[in-house]
Amino acid sequence: MSAESQKPRIQRVLVVDDEENIRHLLLVVLKKAGYEPTAVGGAQEALTPLEQQNFGVVISDIRMPDLDGRGLLREIRTRGLDVYTVMMSAYGGDEVAIQCMKEGAYDYFNKPFTADEVVLLL
C-alpha cells in the first residue's frame with residue numbers, strides 16, 4: 001500500500017462561509033494541523049468541488065445568503081455524497097444547528113471558536 005493511499009480521506013476539508021475572515025482563519029488553522037483545506041464563499045459554490053473532489057469533511061456556516069448551510073446539507077444528502085458535515089453557527093444553542101444534526105450533520109460548533117475546538121472536533 002502506498003503512503004498516499006494510506007492517508008485518511010478526512011484530511012481533505014472544504015470550508016464554506018460567506019465571511020472571508022472566517023475562511024482565512026480556518027484555512028490557517030487546518031493547514032497548521034496537517035489537513036488539506038479548500039475554501040469557498042457560499043453553499044452554491046461548494047457543490048462543484050464536492051462533486052469533483054473527494055473531501056472527507058465539509059465545515060459550513062449555517063446562515064449564508066442564497067443557499068444556506070442547511071440547504072447545502074440537504075444537497076449533500078440528495079446527491080449521495082459521502083462526506084461528514086460540520087456546521088458553524090454564530091448563534092449559540094441555535095435551533096437550526098440542532099435541526100441540522102437531526103438531518104444528518106455530524107456535529108456543529110459556535111462562532112467564535114478556538115483553533116483547538118476545530119482540530120479536536122475533526
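This is a predicted model: local features need pLDDT of at least 70, side-chain atom pairs count only at pLDDT 80 or more; totals for chains, interfaces and linings use all residues.
When I say contact today, I mean heavy atoms within 4.5 Å. With that in hand: among contacts in this protein chain between residues at least 6 apart in sequence, 64% join residues at least 24 apart.

Residues are numbered from 1 along each chain as its sequence is written, and side-chain values use heavy atoms, leaving out hydrogens and water.

OK, the layout. The chain has 6 helices and 5 strands; those are DSSP runs numbered from the N terminus, with helices being H or I of at least four residues and strands E of at least two. Reading from the N terminus, you get α-β-α-β-α-β-α-β-α-β-α. Of the 122 residues, 41% are buried. Buried here means under 20% relative accessible area, exposed means over 50%, and partly exposed is in between, using a 1.4 Å probe and protein chains only.

Let's go to helix α3, residues 43-52. How does α3 pack against α4? The axes of α3 and α4 (residues 69-78) are 10 Å apart, at an angle of about 25 degrees. Axes are lines fitted to C-alpha atoms, for helices over the stretch in contact, and angles run from 0 to 180 degrees between N-to-C directions. So α3 is roughly parallel to α4; the cut-offs are under 35 degrees for roughly parallel, over 145 for roughly antiparallel, 65 to 115 for roughly perpendicular, and oblique for the rest. Ala-43, Ala-46, Leu-47 and Leu-50 of α3 meet Leu-72, Glu-75 and Ile-76 of α4.

Leaving aside residues up to four places away in sequence, Ser-60 touches Val-16, Gly-69, Leu-72, Val-86, Met-87 and Met-88.

Now follow the chain out of β3. In the loop between β3 (57-61) and α4 you find Asp-66. Buried or exposed, Asp-66? Exposed, with a relative accessible area of 81%. Its phi is near 60 degrees, a positive value in a residue other than glycine.

On to the rings. There are 2 aromatic pairs. Phe, Tyr and Trp rings (the six-membered one for Trp) pair if their centres lie within 6.5 Å, and planes under 30 degrees apart are stacked, over 60 edge-to-face, and the rest tilted. Tyr-84 and Tyr-106 are edge-to-face, 5.2 Å centre to centre with 70 degrees between the planes. This pair links distant parts of the chain, 22 residues apart: Tyr-84 is in β4 (84-89), and Tyr-106 is in the loop between α5 (95-102) and β5 (107-110). Tyr-84 is partly exposed at 41%, and Tyr-106 is partly exposed at 47%. Phe-109 and Phe-113 have ring centres 5.2 Å apart and planes at 80 degrees, so that pair is edge-to-face too. Both of those Phe residues are buried.

Last stop, the loop between β5 and α6 (115-121), where Pro-112 lies. A cis peptide bond joins Lys-111 and Pro-112, with omega about -5 degrees.
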